[in-house]
Amino acid sequence: MSDLIEPPTARVDVVRETLHGITLEDPYRWMEAEGEEFHHWLDGQAGHAREHLDALPHRAGLLTRIRELGGELTRYFGLAMAADRVFALVREPDARVPVLTVTEADGASRVLFDPGTVPGDGHHAIDWYVPSPDGRHVACAVSASGSEDSSIHVIDADSGALRETIPPTTRFAFLSWLEDGRSFVYHRYVEQHRLDSRSFLHQLGADPAQDTVVLARGLNPHVELTPQDRPFLVVPHGEWMLAIISHGALGPWTSEQLSDCTVYVAPRTGLADPATCSWRKVAGVADGVTAFATSHDTLYLVSHRDAPRSRVLAVPLAEPDLSRARVVVPAGERAVEGVRVVGDRLLVRDLDGGVSRMRHVPLSGGEPADLPLPVDGTILEWTTHPERPEALLLMAGWTDAPRLYRYDYDSQSLQDTGLAPRSPVDFGDVHARTLHAPARDGTPIPLTVIHHKDLELNGDNPAVLTGYGSHGLTDWAEFHPEMLAWYERGGVYAVAHLRGGGAYGREWHEAGRGERKEATITDFIDCAEHLIALGYTRPGRLAAEGASSGGIPTGGALVRRPDLWAAMAMHVPTVNATRNEFGESGPINVPEYGSVTTEEGLRALLIIDAYLRVRDGVPYPAVLLTTGLRDARVPPWQPAKLAARLQAATDSGRPVLLRVEEHGGHGAGSTRDQEQALLADVLAFVLHATDGS
């Protein structure tokens, strides 16, 4: 491949600054302005990467096989129930993006909304949706080209007609319909920036520009907010409502896997006058609330305060004094992830070293009992009916395609609904098991390894190790039929459940957070060395992969142990942490990573800043970095700066590529073709780097 054109060289303009007595040198700070020069350089990088990837000998064959495998399975997710209807996002094998469907009581299903019909450049996708309690309307968040800056489309569930549209920018699914089915509260950013966001009350048929602000900084003296805080309003059925104030980064969930939040409660009647609403603080950041559920008179909170793996507390909504809370589920060996009220029982979702478990307990109290699960894997999502004792659970394993189960209240068991079709892709010859890699401090790190069952442990197999390890998020078991293209070629895929993630709850998160982030990186390196010691692979055939905050363990391992890897694939990665808080979405990550405004915070950031650790003349492995021009979470200049620095520094002669998705963002909302092309690029890049062909 020596005839390929060299990538464009980035201009060096070193910015030196001294913070807390530490001098930092940044040769590509100018890229952060994202001006004309940067985009011209980015275009050149994109063209070079595309030429290189298209020329890889395995690429065409892999893409053909990935398309065959991906064209076999219909995917169901994003479940919700209302009245006699079940809603779901469904992507058929030949569809570019998922559509919203509704299944009626008689079992008849139909497409309710296809985002492909939305006009505009690029493609559109559904980010999330919320049906009204009576099932007559659906508020559907739609964004263009993976930007996640959503407009809300209100759909008539009877006819499928578009009732109205609220323009961008809406983020997060904290939208609650009121019981009249004709109004809802929702969160929105104001004037295209991420500060001083607000929650609004919208009446169907009203002008969105005139929506009433119901939760915002400075609106109500009982609720304290900074400009960076996001105020979310949750209005469950009953007489009460909740304010969830997020002080840090959040995932797509509205009632679990929260972090750094303050919780308030108030009577629903307070919506009539938001400025004087009598909000009462229930829990602060120190109380460690990560999930919640409500019955008509009680608030159930999952809290890790005084319980490293969390417990479930109950307080009356009328008198929510956490110091007098009743313990519904005590702390134990499992990490409690979430709770749901179903009739007069509380369903409890647990995590046991990365594997989902479930218990149920009477609301009145009693000993929690295990609910047997049909798959030893992950509860990908679960939802309950707003009025009836019903729940749906979507479960999958590393080698088990997602199945949709209904919780039967009377028999206290799970029954397969048959709604999610069985996968025609045969994974019978694929083996998945979880090992425990010894970290250098003696801590056993769960390490899931997936491969063909006849794999020889001869130390000569191509292997990809991936990991995330931030925000307390869990590396869930997910079924990807397209990965059979890798296993068929003798490939190993391994998932390191790193500290900083959520495999064992809050204590696992805290063990890899802030100034303890070095453990996330060394855990990743130790897992790689364990794979080598067991004979799965060797350094010349080992690659690493990480996305978003997964750029921290991969980037950290790249600059600390470049000799350990044949290739590194990093998708939309955070790699220049000392500059992260200066990006649009950066300030919300300060609680997780740290801030340059303090010496302690700067030292924590320097641990995870791979860009500043690159050294000239080092033989770095082959590196593939990706970015999306519409990425609202990690701006393109983050991976771009690392690409420029590595291209200038490495003396290995191995490629450093920057792959650019023009109509893409952080990954959410990608089309089927985009996902399949990216996977083919990564696997072909890894194979070429590990076997030279």
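The model is predicted, so local features need pLDDT of at least 70 and side-chain atom pairs count only at pLDDT 80 or more, while totals for chains, interfaces and linings use all residues. Numbering runs from 1 along each chain as its sequence is written, and side-chain values use heavy atoms, with hydrogens and water left out.

Take the helices to begin with. Helix H5 spans residues 518–533 and helix H6 residues 551–560; helices here are DSSP runs of H or I with at least four residues, strands are E runs of at least two, and both are numbered from the N terminus. Their axes come within 8 Å and cross at roughly 70°, with axes being lines fitted to C-alpha atoms (for helices over the stretch in contact) and angles running from 0 to 180 degrees between N-to-C directions. H5 and H6 are therefore roughly perpendicular, a label covering 65 to 115 degrees. On the H5 side, Glu518, Thr520, Ile521, Phe524 and Ile525 make the contact, which means heavy atoms within 4.5 Å. They meet Ile552, Pro553, Thr554, Gly556, Ala557 and Arg560 in H6.

Now for the sheet. It is open, has 4 strands in the order E3-E4-E5-E6, and its pairing is antiparallel; two strands pair if DSSP finds at least two bridges between them. Strands E3 (75–82) and E6 (109–113) sit at the edges, each pairing on one side only. Neighbouring strands are turned by 30° against each other on average, direction ignored. Between E4 (residues 85–91) and E5 (residues 99–103) there are 5 bridges, and Val90 stands opposite Val99 in E5.

Conventions: Parallel < 35°, antiparallel > 145°, perpendicular 65-115°, else oblique.
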